[in-house]
Amino acid sequence: MARLEDNKKQAELDKFLQERVFIGRQFDKEKQNLVLLSILEDKNKKKQKRKVFAFTPYMFAIIAVASIVVMAWPLLNKPMMNQPGTIMPSPDSSSDPKQHDEQVLAQTRDGLYRLIAYSDGGGGDYYTEWKIMSNEEELYVFKGYLHKKNAMHTPKMQLADLQNDGQRELVIIWGNPLSNGVWSEEAHVLNTRDWTELSLPSYELLLKQKVNYQFVSHERFDGITVEINAAKHELALDKQKPNNEQLLSTLQYSLSYTMGESADRLMVKADVYVGEENGLFKLGTFGEQWFNKEGGQLSLGEPSLFVFAPDIEGEIPLYAMDVEGEFISLWSSDQEIDLGRLFGKPIKETVKRLGDDGQDAGPFTGTYVKELIYDGLEIRLSSGDGKEYRIVSMRLSSDKYATSLGIRVGDSAKQVERAYPSIEHALDGREAPGDYAYVFGHNMIGLLIDMKDNQVRELYFEYLMD
């Protein structure tokens with residue numbers, strides 16, 4: 001009976017302890033022999049009894065869990081380190097994003113400086129803050145947005161003496177999306193003496209100031225003109241192709257930065273896109289520009305070289321003739337175009353090798369030249385080996401043939417100027433309205449239109465061989 005009574009009291013005490021906070025609490029006299037912690041103090045006699053602790057299995061479990069957490073916490077929070085000269089990949093988007101609030105993204109080859117990114121822990125696709133660290137010292141803090149997922153645009157970091165003063169600057173390059181999968185990079189240069197950011201001229205702003213972009217719809221085609229520093233680059237597109245209306249949009253620039261082989265030069269180039277956010281397509285590229293030291297600052301030269309992107313859908317070649325809907329362009333290969341099928345047998349055909357007649361042909365000695373003469377058409381081709389020939393000139397003297405933009409012998413000066421808006425009068429001493437000529441083209445390729453009484457008399461395409 002006594003044992004049953006003790007068991008009953010023990011059960012009551014266990015229930016009592018589970019329902020109350022017991023540490024530091026004084027229980028009634030009947031349960032004092034089982035108290036976990038009692039502190040008795042007689043204030044009148046200033047006497048304090050010894051503290052007595054008794055642990056239950058619950059306390060052992062709590063202490064064990066707490067010990068594991070305390071020991072593991074530094075490991076859980078420690079950022080992953082990469083090897084010198086390598087770039088860390090972006091966090092795995094399939095895992096818990098809260099585990100990637102801090103991430104080492106890049107470091108210099110000597111391991112002295114690291115770029116550590118931080119996100120707000122909300123599981124988004126962007127870092128919102130990133131810091132330059134050396135050992136455990138915080139040197140510089142960036143605020144903004146940096147995309148996590150695209151490893152192709154993982155930040156790059158490199159030391160370089162851009163100002164040629166014997167002091168290396170820290171160059172950081174990262175990218176963010178413009179829209180529809182198109183990315184643009186930005187570069188930051190930090191002075192490692194006082195950790196201030198050097199001012200870099202904006203290539204995008206420079207292009208926006210210098211580039212004049214025009215879209216004009218003509219009867220037969222839609223025309224694009226990209227003009228920079230008085231140099232005009234033109235493109236014609238078939239009006240029947242869809243989505244030409246997106247060409248009415250403003251230009252967008254995708255910048256990319258690279259370091260020179262000497263590691264002391266920073267270069268930027270710009271791909272040009274046009275269209276809406278969900279329909280951007282590449283229009284062309286502005287060539288590489290180097291940042292140069294000038295007056296204690298980094299400067300950029302004037303942008304100049306522009307090249308249209310190859311294989312733009314619906315492009316009409318400007319330096320070509322139209323033969324029943326098929327374009328014959330300068331520099332076309334006779335192995336790609338069947339001239340016999342298009343024009344039949346020539347009235348006259350000659351082939352000669354320059355220099356064989358004893359005359360000095362300079363750098364063109366040994367070059368093969370073929371001439372084909374048809375009614376109202378002359379075609380000249382050139383070859384280095386006598387096997388594959390390419391068209392280097394075409395002379396159209398009959399209204400049976402037209403240029404790719406529809407101009408033929410007999411058309412008026414107004415028709416010529418409407419088809420080729422940037423065409424200019426040839427500076428050969430002749431003036432309208434008598435005998436004069438128009439010239440259209442640049443550098444190594446061009447179209448000359450000979451006029452008489454404000455009507456086209458002859459058209460001549462020529463590819464100037466260097």
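Is Lys156 buried, partly exposed or exposed? I looked it up in the model, which is predicted. Lys156 has a relative accessible area of 34%, so I logged it as partly exposed.

**Entry: Lys156 and its partner**

I next checked the charged contact of this lysine. Lys156 and Glu185 form a salt bridge through their side chains, with N to O at 3.6 Å. I placed both ends: Lys156 sits in strand S9 (residues 156–160), and Glu185 sits in strand S11 (residues 182–191). The two are 29 residues apart in sequence, so the pair ties together separate parts of the chain.

**Entry: Arg395 and Glu458**

I turned to another pair. Arg395 makes a salt bridge with Glu458, and the closest N and O atoms are 2.8 Å apart. This pair links distant parts of the chain, with Arg395 in strand S27 and Glu458 in strand S32 (residues 455–463), 63 residues apart. I noted both accessibilities. Arg395 is partly exposed at 28%. Glu458 is partly exposed at 24%.

Which residue forms a salt bridge with Asp450? I found Arg457, with the closest N and O atoms 2.7 Å apart. Asp450 is buried, at 11% relative accessibility. Arg457 is partly exposed, at 33%. Salt bridges join Asp428, Arg430, Asp435, Asp450, Lys452 and Arg457 into one network. For the whole model I recorded a count of 22 salt bridges.

**Entry: nonpolar cores**

I moved on to the nonpolar residues. The largest nonpolar core has 40 residues. Within this core, Met321, Phe343, Met394 and Ile449 touch the most other members. A second core is separate and has 38 residues, including Ile224, Ile228, Leu266 and Ala270.

I took Ile449 for a closer look. Leaving out residues up to four places away in sequence, Ile449 touches Val416, Ile423, Tyr436, Ala437, Tyr438, Val456, Glu458 and Leu459.

**Entry: Ser398**

Where is Ser398 found? I located Ser398 in the loop between strand S27 (390–396) and strand S28 (402–403). Is Ser398 buried or exposed? Its relative accessible area is 15%, so I logged Ser398 as buried. I checked its contacts, again leaving out residues up to four places away in sequence. Ser398 touches Gly376 and Val409.

Definitions and conventions:
Residues are numbered from 1 along each chain as its sequence is written. This is a predicted model: local features need pLDDT of at least 70, side-chain atom pairs count only at pLDDT 80 or more; totals for chains, interfaces and linings use all residues. Side-chain values use heavy atoms; hydrogens and water are left out. Helices (H or I, at least four residues) and strands (E, at least two) are DSSP runs, numbered from the N terminus. Buried means under 20% relative accessible area, exposed over 50%, partly exposed in between (1.4 Å probe, protein chains only). Contact means heavy atoms within 4.5 Å. A nonpolar core is a set of buried Ala, Val, Leu, Ile, Met, Phe, Trp, Tyr and Cys residues joined through side-chain atoms within 4.5 Å. A salt bridge is a side-chain nitrogen of Lys or Arg within 4 Å of a carboxyl oxygen of Asp or Glu.
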